Amino acid sequence: SNIINISNITVDKSRLRYSDASGESVAGLNGEILIIPYVFRLNNHPLFYNDSLVDFATVYITQNLEVIKVEFMSPPTFPGKKSTISTITPEEIKQRILTQKAQLISNFYIKDQVSIDEIEQLNITDMEVQYRYTSQSLLITPYILLSGTGSTRDGRQLSLHLLVPAEKTN
């Protein structure tokens with residue numbers, strides 16, 4: 001049974017962006033192309049495949065309102081089985097980061113690639129509940145996406161996204 005359908009797709013307004021003709025992001029309304037990301041939502045939270053921040057659909061529109069490109073993935077299908085799980089507390093989120101049970105993820109917004117053990121300081125500016133669909137297990141599980149800035153031991157300043165599994169384990 002498929003619990004995700006076309007009515008679950010929404011524009012991710014927080015990630016609207018503009019680019020120049022080469023695809024490089026530009027600030028504000030100065031771009032030639034508006035890039036509109038669409039995500040699936042489950043219980044009003046975004047749903048992504050595995051550990052990526054790749055959108056289910058992206059539409060590229062010029063200043064003349066011409067659609068120049070549409071990218072999309074097919075919606076995942078799921079077994080009809082549902083279950084309830086317990087989720088972690090804010091203190092457990094911190095412990096998962098400190099014990100490297102969080103995953104540092106990046107996407108096309110982040111150019112620097114580092115591993116979580118290189119991060120010396122972390123400043124969280126945003127936290128979002130997300131669901132992740134794993135194609136191998138056909139399961140949807142909750143995660144916490146932490147966004148912010150940080151620095152590495154060698155002094156590099158970075159924009160970061162940390163993905164923390166939100167399911168409580170015994």
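Arg156 is partly exposed at 29% relative accessibility (buried is under 20% relative accessible area, exposed over 50%, partly exposed in between, with a 1.4 Å probe and protein chains only). The side chain of Arg156 meets that of Glu118 in a salt bridge (a side-chain nitrogen of Lys or Arg within 4 Å of a carboxyl oxygen of Asp or Glu). This pair links distant parts of the chain, 38 residues apart. Arg156 sits in the loop between β10 (139–152) and β11, and Glu118 in the loop between β8 (103–105) and β9 (119–134). Strands are DSSP runs of E, at least two residues; helices are runs of H or I, at least four; both are numbered from the N terminus. Asp154 joins Glu118 and Arg156 in a network of salt bridges.

This is a predicted model: local features need pLDDT of at least 70, side-chain atom pairs count only at pLDDT 80 or more, and totals for chains, interfaces and linings use all residues. Residues are numbered from 1 along each chain as its sequence is written, and side-chain values use heavy atoms, without hydrogens and water.

The whole structure holds four salt bridges, including these:

| Pair | Closest N and O atoms |
|---|---|
| Lys69 and Glu71 | 3.4 Å |
| Lys168 and Glu92 | 3.0 Å |

Lys69 is partly exposed, at 39% relative accessible area. Glu71 is partly exposed too, at 34%.

Leu65 has a positive phi of about 65 degrees, though it is not a glycine. Most residues other than glycine have a negative phi. Leu65 lies in the loop between β6 (57–62) and β7. Leu65 is exposed, with 72% relative accessible area.
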